[in-house]
Amino acid sequence: MGFFAAITKCGTMTDEERAAWRADYERREAESREKQRIEREALLARCPTYVLKDGTKARGRYMFGRLSNGNESDKGTRIHVVGMEDRWSCGGGGKAACGAAPGKRSVGWSDVQEDPANCPRCLAKIAS
Ligand SMILES: [Zn+2]
């Protein structure tokens, strides 16, 4: 059905049809949100959790590389331990356990990583 046909059909829908269409739409929306939530939880379950000295939960994240050339040169090379909520990503902000923080030339931390953190300075900070 083309766009105009859809509009026309919408205009000729009865209230019941419209309600059914809306209910169906909302059900699918809720299903996809639920699916995303489950996938997110599964990812978080696979990612190692670290505990900082102050008791804060932390995750492995790498720092995005330079924006200027679009080259994420640090990607996958050094995973820091970053104590922040399990948000998708954090555009900037936040410090790793070793003190590393996204600077002017980074867009911030990646999403949580499944691979174990390998920044020796971060690991030293949480080990003792
Ligand atoms: Zn580090």
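Hi everyone. Let me start with a term: a residue is called buried here if 20 or more other C-beta atoms lie within 10 Å of its own. By that count, 16% of the 128 residues of this chain are buried. Please keep in mind that this is a predicted model.

So, what is in the chain? There are three helices and three strands, and from the N terminus on they run α-α-β-β-β-α. Of the contacts with a separation of 6 or more, 50% are between residues 24 or more positions apart.

Let's look at helix α2, residues 15–46. Is α2 tucked away or in the open? The number of buried residues in α2 is zero, so this helix lies largely in the open.

Now the strands. They form an open sheet with the order β1-β2-β3 and antiparallel pairing. At the edges sit β1 and β3 (79–82), each pairing on one side only. On average, neighbouring strands of the sheet are turned by 40 degrees against each other, ignoring direction. Between β1 and β2 there are three bridges, and V51 has K57 in β2 as its bridge partner.

Last stop: the loop between β1 (49–51) and β2 (57–62), where you'll find K53. K53 counts as exposed because it has 10 C-beta neighbours inside 10 Å, and the limit for exposed is 12 or fewer. Which residue is 73 positions away from K53 in sequence, yet 6.3 Å away in space? That is I126, going C-alpha to C-alpha.

Thanks, everyone!

Technical notes. Residues are numbered from 1 along each chain as its sequence is written. This is a predicted model: local features need pLDDT of at least 70, side-chain atom pairs count only at pLDDT 80 or more; totals for chains, interfaces and linings use all residues. Helices (H or I, at least four residues) and strands (E, at least two) are DSSP runs, numbered from the N terminus. Two residues are in contact if their C-beta atoms, placed from the backbone, lie within 7 Å. Two strands pair if DSSP finds at least two bridges between them. Axes are lines fitted to C-alpha atoms, for helices over the stretch in contact, and angles run from 0 to 180 degrees between N-to-C directions.
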